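Hi everyone, thanks for making time this morning. I'd like to walk you through one model, starting with a space inside it and then moving to the sheet and the charged pairs.

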Amino acid sequence: MASPSDPEVVQAEPNETGVYEIESLCMNCRDNGVTRILPIKIPFFKEILLESFSCDHCGWKNNTVKSAGQIQEKGTKYTFRLDKMADLQRQVVRSDSGTFKVEDIDLEMPPAPGQFTNLEGLISKIKTDLEYGQPARKEANPDLYQALESIIGKLAKMLDGSGFPFTVSLDDISGNSFIEPSPDDKGAKYIRQDYLRTNSQNAQLGLLADEEVQDVSAGGMEGVDIVDDQVYELHAECPACSKPCTVNMKKTNIPHFKEVIIMATVCDHCGYRTSDVKTGGAIPEKGKRITLEIKTIEDMSRDILKSESCVLKSSDLGLEVQPGTLGGRFTTVEGLLTQVRDQLHGQIFDFGDEDLAPGDSMASETKARWDNFFLKLDRAIKADFPYSIILEDPLANSFVQKNVDSGDDPQIKTEEYERTEEEMEDLGLKDMKTENYQDDSDD
């Protein structure tokens, strides 16, 4: 993108299509060209700026996307499995700090000027870039030519539908990239994971000077006798702004379950706040699946612990929340579903906004599906109808409070299940050895 040098606003007010024009320096011929900027709001996401530069002197043109908002408190990684042609039309915003990857062929598109496109356009661009220069490579480097031809062929099959299913991911430390979700996404088809940035990642985004990067961990607790229900303060660094902050920690005992650690982080500098629940203990042989039948409003007051490894789902509500989306939560059923609703609603575009640029409004069919989804979820939070929710935890660290003094609660069904190979891989259990490991060290 051309970098403005003493930019002059050619058009102070947007035209009838909402476009602003700014005089900018052309990076190709060093003469003046014009940058046109269009602020738009993306359904399911946020506001961005579409920038288009053109130079009448040399014909140079360039288009980029920039976030119109601030850097988010956490980085975000989206993982999406494509299994039908319609999936290629999912919108994608890739900021200049986003890394796009086709997982099945381990092909990565490193950070570059931002783009607003769809998955078909993004994959097509990768294919076109790889095809460029192939005739010359065929003579100069036949091995590289053949290797790239194989990848180009796989990308072509992905684009024409014969390569389904395949998985892509979009990882952005700024949290300003996204892949469009759908209320029809189930299972592991669409996964969003928010994560805390490292100091070096904050420095990369300009939130921390390079000389300030250092490995500072939370204040040590060595030798401290941790007492139940007593709050301990730990000194740490804010994951959002890297300034000093406080982590409050309390150990508490959940009756009929186990001890857990509740942690809350507060930053006085940027206002960042978060809470999480950590569970411990030995890893069980099997996972645990808990099904709770919601029948009355009293059921919404049950205590519930959803660990960081747990999947929350309900076929009655068309809801599925993957691990990493909410983290660990110790709250009530009402509180958990409210947090799910608020997070989803924060990601889904505000349907009532009157400032949408032309052509950016949500499709009526998609809008109707989301309207129905949130209406049903709101009714579920009020217990207006009976339904069930399932906590599926491969580490068996989740819990639902009983509403009976003794014996089994007829509204709670608990069962053990064998962990899948994918769960074992994600949890790092396939390579973990807990028995006779001393023998290996003696060899």
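**The cavity and its surroundings**

Let's begin with the lining of the largest cavity: its residues divide into twelve nonpolar, seven polar and four charged. Here Ala, Val, Leu, Ile, Met, Phe, Trp, Tyr, Cys and Pro count as nonpolar, Asp, Glu, Lys and Arg as charged, and the others, Gly among them, as polar.

A word on the source: this is a predicted model, where local features need pLDDT of at least 70 and side-chain atom pairs count only at pLDDT 80 or more, while totals for chains, interfaces and linings use all residues. Residues are numbered from 1 along each chain as its sequence is written, and side-chain values use heavy atoms, with hydrogens and water left out.

How many cavities of 30 Å³ or more does a search of the whole structure find? The search finds one. By cavity I mean a set of points, on a 1 Å grid over the protein atoms alone, where a 1.4 Å probe fits but cannot get out; lining residues have an atom within 4 Å of a point. The volume of the largest cavity is about 390 Å³, taken as the space filled by probe spheres set on the points, with grid points joined across faces, edges and corners.

There are 23 lining residues, and Asp185, Tyr190, Glu320, Val321 and Leu344 lie nearest the centre. Two or more residues each come from strand E13 (190-195), E21, helix H5 (333-347) and helix H6 (364-381). Helices (H or I, at least four residues) and strands (E, at least two) are DSSP runs, numbered from the N terminus. H5 gives the largest share of the lining, four residues.

**The sheet**

E21 turns up again in an open sheet of five strands, in the order E21-E20-E23-E18-E25, with antiparallel pairing. Two strands pair if DSSP finds at least two bridges between them. The edge strands, each pairing on one side only, are E21 (319-321) and E25 (412-417). From one strand to the next, the twist averages 15 degrees.

Within that sheet, E18 (residues 287-294) and E23 (residues 387-393) run antiparallel and are joined by seven bridges. Lys288 stands opposite Asp393 in E23.

**Salt bridges**

Side chains of opposite charge can pair when their charged atoms come close. The structure holds 19 salt bridges, each a side-chain nitrogen of Lys or Arg within 4 Å of a carboxyl oxygen of Asp or Glu.

Which strands does the pair of Glu415 and Arg289 tie together? The two side chains meet at 3.8 Å, N to O. Glu415 lies in E25 and Arg289 in E18, so the pair ties together parts that are 126 residues apart in sequence.

Lys313 forms another salt bridge, with Glu392, the closest N and O atoms being 3.3 Å apart. This pair links E20 (residues 311-314) to E23, 79 residues apart. Lys313 is partly exposed at 23% relative accessible area, while Glu392 is buried at 14%. Buried means under 20%, exposed over 50%, and partly exposed in between, with a 1.4 Å probe and protein chains only.

Lys125 and Asp129 meet at 3.0 Å, N to O. They sit four residues apart in helix H1 (residues 119-131), so about one helical turn separates them.

Finally, Arg81, Asp83, Asp87, Arg90, Asp185 and Lys189 are linked in a network of salt bridges. Asp185 also belongs to the cavity lining, among the residues nearest its centre.

Terms used. Axes are lines fitted to C-alpha atoms, for helices over the stretch in contact, and angles run from 0 to 180 degrees between N-to-C directions. On a 1 Å grid over the protein atoms alone, a cavity is a set of points where a 1.4 Å probe fits but cannot get out, and a pocket is an open set with protein on both sides within 12 Å along at least five of seven lines; lining residues have an atom within 4 Å of a point.
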